[in-house]
Amino acid sequence: MAEPFITQVVAAALANFDTVMEHCGMAGGKDQAREYLALNPKRSDSKLGSLSTNRDTGAGGDFATGETWGDLVAMTAWRFDCSQMDAAERLADLLGIQKPNRQKRATSGERPAGNTNTATAPRKPASAAPSRKPAPDADGWECVIPVPEDAAAPPVANPRQGRPSIRYEYRTEAGRLGFFIDRYQGKDGKSFAQLTFWRSRPH
């Protein structure tokens, strides 16, 4: 039940990108091509540039801290330090999406089924949550995270901006390459662009 629900929320969040950004305290940023630059609400951040989220995929991160996410549900989990499911339910409330019924939890007077050890494992921080596959693009292409092992090497230069001054790698919890953030230094200052792997969806 959780996977279809989260997938539905991921798609709805992309369609309401600015609403989600405002909910997460990242309104007031600026667009740079299809990248949305905002201040990081979880640290002392006074200048746009290090935190970037792609409007087409929801993937992004803050290269200053190394924190990344694969979609807007994962970003919300990072923002509020909660699980993927809690983040999806938070966005569902925001966007008017019906939430699935959670499995009834055992009350304090009931003995949990199965293992009698009631100690629970500590929750992983949201930044370590695995990236979720972004929603497919309308023209039949889809962004793939992590990048397939047999993918061709990324281009060394952008057709319009040339070679980046710095290229940052963003990796998944398992250590797989997720995407790059390229930094360009021009006469008007620095700019950033996300470099992701896309492929045509099979018919």
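User: Where is asparagine 40 found?

Analyst: Asparagine 40 sits in the loop between β2 (35-38) and β3 (51-54). Keep in mind that this is a predicted model.

User: Is asparagine 40 buried or exposed?

Analyst: Go by relative accessibility, where under 20% means buried. Asparagine 40 has 3%, so it counts as buried.

User: What does the side chain of asparagine 40 reach?

Analyst: For a polar contact, look for N or O atoms within 3.5 Å. Here the side chain of asparagine 40 reaches the backbone nitrogen of lysine 42 at 2.8 Å.

User: Which residues is asparagine 40 in contact with, leaving aside neighbours within four places in sequence?

Analyst: Asp45, Leu51, Asp62, Glu67 and Trp78.

User: Now the sheet. In what order do the three strands stand?

Analyst: The order is β7-β8-β9, in an open sheet with antiparallel pairing. From one strand to the next, the twist averages 20°.

User: How many bridges join β7 to β8?

Analyst: Six, and β8 covers residues 177-186.

User: How much space lies in the largest pocket?

Analyst: About 470 Å³. Its lining has 23 residues, and the closest to the pocket centre are Ala33, Asn158, Gln161, Ala193 and Gln194.

User: Which strand gives the most to that lining?

Analyst: β9, with five residues. β8 and β9 each supply at least two residues of the lining.

Conventions:
Residues numbered from 1 in each chain as written. Predicted model: local features only at pLDDT ≥ 70, side-chain atom pairs only at ≥ 80, totals over all residues. Heavy atoms only, no water. Pairing = 2+ DSSP bridges. Helix = DSSP H or I, 4+ residues; strand = E, 2+ residues; numbered from the N terminus. Axes fitted to C-alpha atoms, helices over the stretch in contact; angles between N-to-C directions. Buried < 20%, exposed > 50% of the residue type's maximum accessible area, 1.4 Å probe, protein only. Polar contact = N/O pair within 3.5 Å; in protein donor to acceptor, adjacent residues only side chain to side chain. Contact = heavy atoms within 4.5 Å. 1 Å grid on protein atoms, 1.4 Å probe; cavity = no way out; pocket = protein on both sides within 12 Å on 5 of 7 lines; lining within 4 Å. Points joined across faces, edges and corners; volume = space filled by probe spheres on them.
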